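Biologist: I would like to learn how to read a model like this one. Can you take me through its features one at a time?

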Amino acid sequence: MLNRAGNVIRLLVILSIVLATGLQAETIDEKVESLLSRMTLEEKVGQMNQVAIQVVSKTQGTTEQDHELDLDKLRKAIVEYHVGSILNVWDKAHTIEHWHEVITAIQDVAVNETRLGIPVIYGIDAIHGANYTVGATLFPQSINMAATWNRELVRREGEITALEMRASGIPWNFNPVLGLGRHPAWPRFWETYGESEYLASEMGAIYIAAQQGDDPSAPDKVGTCAKHYLGYSFPLSGKDRTPAWIPGRMLRELFVPPFQAAIDAGALTVMVNSSEINGIPVHSSDYYLTELLREEMGFEGMIVSDWNDIKNLHTREKVAPTQKEAVRMAVMAGVDMSMVPLDFSFYAHLLELVKEGSVPESRIDDAVRKILKFNFQVGLDKHPYPNKELVKQFASEESRRVNQQAARESLVLLKNEGILPLSPDKTVCVAGPTANSLSSLNGGWTTTWQGNEESLYPNGKQTILEAVQNKVGKENILYSRGVDFEKEIDIADAVKKAKKADVAIVAIGEPAYCETPGNIDDLTMTQPQLELVEAISAVDIPIVLVLAEGRPRLITSIAEKTAAIVFAGLPGLEGGPAVADLIFGEFNPSGKLPFTYPRYPNDLMTYDYKLSEVSDINAYDPLFPFGHGLSYTEYEYTNLTLNKEVIGKDDELLVQVTVKNIGQRAGKEPVLLYLTDQFASVTPSVHKLRGVTKVPLEPNQSTNVEFRLTATDLSFVGRDNVRIVEPGEFTVHVGPLSQNFTLLAKDTFSLQ
Ligand code: BGC
């Protein structure tokens, strides 16, 4: 009896194990393999094809008309050409409702009208918030986010942007930009986190983790795209998409680390540099895309090309004698998905190439495997359609508050001769072309690609002028634009108004731009704007200069003539009030420059220069150095201590410093740690940024800030292009303090 019961129980246990195993969800890899095995060559090649929304549209969205999809074209793209992905807007941001219509129509065709029902992966550039959805929370651009030195704000930006994208039905973000802002003329400077690879790595990794979460298929997460791999941000000419000349050692020292950090943070996709490094277009380079990125850096996700760049291998770079050869080159180099956005030529060429044996089908399988995996990772198999529930959280008041805080902390007070904060009982002359503009505060990727369609900006968001008017009363403001960016309007009028005022707020800078249209021949601030400041400076009132710009335009000739200078950069939709609140002391500024603000056009040294770059007659003498930023209070640094004077190669060095607010106002201080390698086999930089912690401090409050350094922080790329650590003496610098320590190791050792 007992025995029989025991057998029954045993049987039940076995049955439940079998059932549980059988019912266990297939892994993503299993699902991918099973789907791949059922796909025709045409379906596979189609997956690798990404087209822009205009290919499937009837009408373009303009200021006068709305965008409309074309269902016939959509069917052609999805059913006939099997496209795996669609991108972008044409040309203006959609309302959230229109996004729902667009994504629903696309997925209806993909899911219901194709043989295998694979949902289409929609991708956009949500560069500073979900900037292609009307009414989204639009954050400061990345250069400003870097200026906050506040990881938490970058994390919140990543989360809120992911949520607002998903609320719009979009699972894939072509962001973050992980090039370094080391060439101030480059028109995408503001899309970077500045000149330090340490800061860019930190901010990029946090943004990626925030957007993807532990599970990028979660309802409020998206897949990210680390771009533009590699070296794109450092063109010799400073113009967009022009050649970079970067020695291999420098590439690894500076430009690889942010991408490595992105990979380590789990970035699911990578976009390729549109241009070339040392004469090799990156889209055609097996070395950069496969050897370095995949084999060495360990990237396992999907590689997408940039806009039209496979075609450009033939038409612009001239490394491929035909379009078909361009496709072969790019695919064999390692591109998985082709952003040849305006036609289906990639599809046709690639099919032919596989059929004639020039591209092995195994390479196609490899690419499609990665694309399908991404599709599943962002959960399109489970929820291909927009999740309308999320709309409730779109552009919430809480998100606006985070954005307001980000905008405030992103401003950098560069100069203050005791005039700021202004008291609100003054008559103020406001002048300059960026004073009454939202587009100059937001820059590119704002409702349109160029971001310069002022009429498409949301009502109810304040410009600097409007915010100042709100602060001191419209009747106390005398406004005169004075000049445009490129021409005079009426400088005399601005001077007349300045004469009746106690103080002038002059807001100059740049119009909104993006990519190649933002190329410049001269980094100097445009002449009419300099003339405006000159003219107002002849009036006997102090000038508060506000710089709303995407890169550090040279202002050396006027800087001395101002009483205060605020770098507003591109602070986003809450930027107007943030600037006014800084000027009138509603909050205490805490931003610091994440780049060097040059003084001269030919002196473009970065903070991590070599000792050989300075001498008795030249110095690191920018107008404002990297890390510079004033506050309305003062901080005192004391007690810099290291827990050891000598460390071994596996040790951690604990660095501690006391920071005290010795002024009258509460504030936040980014505490920056630099490291100097005293002697090295490759000429060391005078110092490298290796740590930052931003601390809030009430007046009289002090805090102990800790940093932990390991061998990685002491490493550099050696003569053999391998990252190494050499024993020897190092110096830690925090604020005005420094301490030495020694790394005692038998030999130099490699970190790879
Ligand atoms: C830009 C990319 C962007 C792509 C899609 C290109 O012109 O270089 O950064 O992701 O367009 O909009």
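Modeller: Start with burial. Buried means under 20% relative accessible area, exposed means over 50%, and partly exposed lies in between, using a 1.4 Å probe and protein chains only. Helices (H or I, at least four residues) and strands (E, at least two) are DSSP runs numbered from the N terminus. This is a predicted model: local features need pLDDT of at least 70, side-chain atom pairs count only at pLDDT 80 or more, and totals for chains, interfaces and linings use all residues. Residues are numbered from 1 along each chain as its sequence is written, and side-chain values use heavy atoms, with hydrogens and water left out.

Biologist: Which residues of helix α18 are buried?

Modeller: In α18 (residues 491-499) they are I491, D493, A494, V495 and A498. An α-helix has 3.6 residues a turn, so residues three or four places apart point the same way.

Biologist: What covers the buried residues of α18?

Modeller: Contact means heavy atoms within 4.5 Å. The cover includes strands β13 (428-431) and β14 (477-480), together with helix α19 (527-537).

Biologist: How do I read a helix pair? At what angle do α7 and α8 cross?

Modeller: Axes are lines fitted to C-alpha atoms, for helices over the stretch in contact; angles run from 0 to 180 degrees between N-to-C directions. Helix α7 (residues 151-167) and helix α8 (residues 197-212) cross at roughly 35°, and their axes come within 7 Å. From α7, the contact residues are R151, V154, R155, E157, G158, E159, T161 and A162; α8 supplies Y198, E202, M203, I206, Y207, A210 and Q211.

Biologist: How many of those contact residues are nonpolar, polar and charged?

Modeller: Ala, Val, Leu, Ile, Met, Phe, Trp, Tyr, Cys and Pro count as nonpolar; Asp, Glu, Lys and Arg as charged; the others, Gly among them, as polar. The contact of α7 with α8 has seven nonpolar, three polar and five charged residues.

Biologist: Now the core. Which residues have the most contacts inside the largest one?

Modeller: In soluble globular proteins, nonpolar side chains tend to be buried together. A nonpolar core is a set of buried Ala, Val, Leu, Ile, Met, Phe, Trp, Tyr and Cys residues joined through side-chain atoms within 4.5 Å. The largest has 180 residues, and I86, Y229, L230, L350, I555 and Y597 have the most contacts inside it. Helix α5 (residues 96-113) gives the largest share of this core, eight residues. Another core lies apart from it, with 34 residues, including L441, V472, A507 and F584.

Biologist: What does V256 touch, beyond its neighbours within four places in sequence?

Modeller: V256 sits in helix α9 (residues 248-264). At 9% relative accessibility, V256 is buried. Leaving those neighbours aside, V256 contacts L230, L251, L292 and M297. L230 is 26 residues away in sequence, yet 7.3 Å away in space, C-alpha to C-alpha.

Biologist: How many disulfides are there?

Modeller: A disulfide is a pair of cysteine sulfur atoms within 2.5 Å. The search of the whole structure finds zero. For C514, the nearest cysteine sulfur is that of C225, 15 Å away. C514 is buried, at 0% relative accessible area.

Biologist: And the backbone? Which peptide bonds are cis?

Modeller: One is W90 to D91, with omega near -15°. D91 lies in the loop between β4 (85-87) and α5. Another joins N175 and P176, with omega about 10°. P176 is in the loop between β6 (172-173) and α8.

Biologist: Is N88 buried or exposed?

Modeller: N88 is buried, at 12%. Its phi is near 80°, a positive value in a residue other than glycine.
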